[in-house]
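Subject: Structure handover

Hello,

Here is the structure we discussed, with notes on one helix and the nonpolar cores below it. Please read the notes with the coordinates open.

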Amino acid sequence: MTGVDNLVALLGTVRAGLPEETWEAVAGRLPDYGITRVAELTGLDVIGLPVWAAVRPASRTLTTSQGKGATDLLAKLSAVMEAIELWHAEQPLPVTARGPADEVAPTCPVSALPLIAPCAERALARVVWEWTPGTGLVGGTPTLLPVDLVRRRVQRPEWVPDLLRATSTGLACGNTHQEALLHGLFEVVERDVLFRDGQVGGRRRTLIDLGTVDDLHAQNVVGRMSAAGMAVEAAVVDGPYGLPVCVAYLWSEDFPVVFAGGGCHHVPEIALTRALTEAAQSRLTAISGMRDDLATDTGGFDAARFTPARRTGLTPWAEATTHFTPVAGGFTAQAATVAQHVMQVTGHEPVALDLSSPGHPVHAVQVVCPGARSRIRRVMPR
């Protein structure tokens, strides 16, 4: 594999290794993760952007994982890595303590963790949980977190109260530990920024004139969508982290459902293309039906009467993104910088749970950021 902290610039992403190297490392290990099939979905839609799926029939979460990318190999890897993430999240975590927070982990901000319903901090501090060790991403301090932040309801002991919301937010795999950390942090930031925007009815968005984006990959993505008859809108969403977060919407007269995608990266063009291609992936997921939790009507997405994309009052791409400063350094330095930003915004140190299994070719983490939030519903209303 490529060096530990190398940055390999690819179309629409930056990774720690070449995609050919990553595929060579994981291809022979797919059965270890319960992956029985990797399928190309691209041809089911008219857009032509690569979308693939990985299938795990014995999964205890989702049996299919979708992935997108600028090439077939990147999309295939995206699907496989998402499936591997979920496999890691399903494995038992080490339990080093059992008891209430005020005795076992008095510094853990339990009321700032993702909860199913609001609870008084004093009451939460007395709830008996099982605890697993994590590592603070600013000071490197060993930190205990409730196992149920990762463990799904069906995997929990009967005596455990159903208070914590286990989500995939911050769950990431990478060629290296630091690569996985950075992408987990980006996902936390993206979802918190979109949550904050949703709380104010979308007023944090700056709609973009996609014709002014000079990135060749982004131009190709938008061009394919437009050529296929899609209506496309995209916006930069203002947030407190100083990182570009984008949201994109895609819909058409032949399938009058609004599909959305989000993306975060310190390179604005990567954030944009992630949002655009995620919207295309969501559309293909609904067309294929290859997801366990799709609704039976419109795939769980927003149905809406077909309307043209907005063409007035749009902001040039350069103007909307000129205030962002790229995060310097390799994956280690970038992850440290983003973790500092998160701590400054939330008031709590982000913590990483290392889910990696010895002898496996990929690194898996779940980044937990107390105080950061994410939407419960999948849809992002236009």
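Helices (H or I, at least four residues) and strands (E, at least two) are DSSP runs, numbered from the N terminus. This is a predicted model, in which local features need pLDDT of at least 70 and side-chain atom pairs count only at pLDDT 80 or more, while totals for chains, interfaces and linings use all residues. Residues are numbered from 1 along each chain as its sequence is written, and side-chain values use heavy atoms, leaving out hydrogens and water.

Helix α9

Just after α9, G347 has a positive phi of about 80°.

Buried (under 20% relative accessible area, 1.4 Å probe, protein chains only) in α9 are F331, Q334, A335, V338, A339, V342 and T346. They line one face of the helix, because they fall within an arc of 130° seen down its axis, the arc being that of the directions from the axis to the C-beta atoms. Their cover includes β2 (13-15) and α5 (177-199).

Cores

A nonpolar core is a set of buried Ala, Val, Leu, Ile, Met, Phe, Trp, Tyr and Cys residues joined through side-chain atoms within 4.5 Å. The largest has 42 residues, of which I35, I84, V110, L113, W129 and L145 touch the most other members. Helix α2 gives the most to this core, 10 residues. I84 touches (heavy atoms within 4.5 Å) Y33, I35, C173 and V362, not counting residues up to four places away in sequence. A second, separate core of 39 residues includes F186, W251, A260 and A309.

Regards

Definitions and conventions:
Buried < 20%, exposed > 50% of the residue type's maximum accessible area, 1.4 Å probe, protein only.
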